[in-house]
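Hi,

Here is the structure I said I would pass on. Have a look at it first, and then read on for what turned up.

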Amino acid sequence: MDDISYVDVGDGPVALFVHGVATSSYLWRNVIAELRDERRCVAIDLPLHGGSASRDDLSIPALAEAVEELCAELGLDQVDLVGNDTGGAVAQVFAVRHPERLRSLTLTNCDVHTNTPPESFQPTVDLAARGELAPLTVALLDQPELLAQTAFGDGYERVDDPADLVDHYLRPILDKPDGPRAFERLLTSIDAKDMVAIEPLLTVLAVPTLVVWGTGDVFFDVSWARWLRDTIPGVKEIVEIEGGRLFFPDERAGELVPHLRRFWG
């Protein structure tokens, strides 16, 4: 477990946060800042991301197993799990494999069922499959404005500090030994078959589940939030964040936190 990095702050019931591809635990910093006085907030760096080392298997099920390893290591028997982007897919796999660990599940804009990866992200995956994405991204590391706009421009309503995002999200991936190639391998490992395979288990997932969805997301349309509601019996409601994009838990944390408090309460 020495290869997995994580944030662990605060006291109280455990909230466990899972980020998506090409970000890190840093995505949750503003949510954690608001909750750390009332919750123990744990945010994993998935393999390859942030301070975590890479691994041979970077598929969604393997990433879910890394979350389970962290729970076992830290003795987290009951958690309120929160996922975003690919981390939401990881959270769904984790939930059906380890429902006994969950007090609740919250899914924000994320990969769902056949929308894995989303169609508008496919050109990036195609670049990775051809081995062209890594050298292009590395070449742009010293141009954070351009890199942040191309990598995160669709995920944020606005990128106020591009160098900060690049330094916390992309540079830790690309600076690792073989990080650029592992990054391409990660993107080409995201496969809808892994999500379609868990659909029967989602239909019997009774864990209390909240779906919070930004309506301005070009990757994950709000129709997928409704799919989750219609599939997972634990889902009681969908909360829509008007105009919120993929990474609204970062830039609009103040709108997510009250819904988490109410749901957890």
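This is a predicted model: local features need pLDDT of at least 70, side-chain atom pairs count only at pLDDT 80 or more; totals for chains, interfaces and linings use all residues.

How many salt bridges does a search of the whole structure find? The search gives 20.

**Salt bridges**

Let me start with Arg-261 and Glu-38, which form a salt bridge with their closest N and O atoms 2.8 Å apart. This pair ties together distant parts of the chain, 223 residues apart: Arg-261 sits in helix α13 (residues 253-264), and Glu-38 is in the loop between α1 (29-35) and β3 (40-45). Arg-261 is partly exposed, at a relative accessible area of 35%. Glu-38 is partly exposed too, at 34%.

Next up is the salt bridge between Glu-68 and Arg-101, where the closest N and O atoms are 2.7 Å apart.

Glu-255 and Arg-252 make another salt bridge, with 2.7 Å between the closest N and O atoms. Here Glu-255 is partly exposed, with a relative accessible area of 34%, whereas Arg-252 has 16%. Buried means under 20%, so Arg-252 counts as buried. There is also a network: Asp-3, Arg-55 and Glu-69 are joined by salt bridges that share partners.

On the charges in general, the protein carries 22 positive and 45 negative side chains. The centres of those two sets lie 3 Å apart.

**The overall picture**

The protein has 13 helices and 7 strands. For its 265 residues, a compact globule would have a radius of gyration near 18 Å, and the value here is 17 Å, so the two agree. Along the principal axes, the C-alpha atoms fill a box of roughly 45 × 35 × 35 Å.

Of the 265 residues, 57% are buried. Among contacts with a separation of 6 or more, 78% are between residues 24 or more positions apart. The exposed surface comes to about 10400 Å², and carbon and sulfur atoms supply 49% of that.

**Helix α8 and its surroundings**

Helix α8 (residues 179-189) has a set of buried residues: Gly-179, Pro-180, Ala-182, Phe-183, Glu-184, Leu-186 and Leu-187. What do the buried residues of α8 pack against? They pack against α2, α4 (122-129), α5 (133-139) and α7 (162-174).

Asp-194 is in helix α9 (residues 192-197), and at 15% relative accessibility Asp-194 counts as buried. Setting aside neighbours within four places in sequence, Asp-194 is in contact with Ser-59, Ile-60, Pro-61 and Ser-189.

**Pro-208**

Pro-208 lies in the loop between α10 (199-202) and β6 (209-214). With a relative accessibility of 42%, Pro-208 counts as partly exposed. Not counting residues up to four places away in sequence, Pro-208 touches Arg-103, Ser-104, Leu-105, Gly-234 and Phe-263. Asp-80 is 128 residues away from Pro-208 along the chain, and their C-alpha atoms are separated by 9.7 Å.

Now for the backbone geometry. A cis peptide bond joins Thr-116 and Pro-117, with omega at about -10°. Pro-117 is placed in the loop between β5 and α4.

Which residue other than glycine has a positive phi near 70°? That is Ala-22, found in the loop between β2 (14-18) and α1. Ala-22 is buried, its relative accessible area being 10%. Leu-48 is not a glycine either, and has a positive phi of about 85°. Leu-48 is in the loop between β3 and α2, and counts as buried at 0% relative accessibility.

Cheers

Methods:
Residues are numbered from 1 along each chain as its sequence is written. Side-chain values use heavy atoms; hydrogens and water are left out. Helices (H or I, at least four residues) and strands (E, at least two) are DSSP runs, numbered from the N terminus. The radius of gyration is taken over C-alpha atoms; the globule rule is 2.2 Å times the number of residues to the power 0.38. Buried means under 20% relative accessible area, exposed over 50%, partly exposed in between (1.4 Å probe, protein chains only). Contact means heavy atoms within 4.5 Å. Accessible areas come from the Shrake-Rupley method with a 1.4 Å probe; for residues, only the protein chains shown count as cover. Lys and Arg count as positive and Asp and Glu as negative; His and the chain ends are not counted. The place of a charge is taken as NZ of Lys, CZ of Arg, CG of Asp or CD of Glu. A salt bridge is a side-chain nitrogen of Lys or Arg within 4 Å of a carboxyl oxygen of Asp or Glu.
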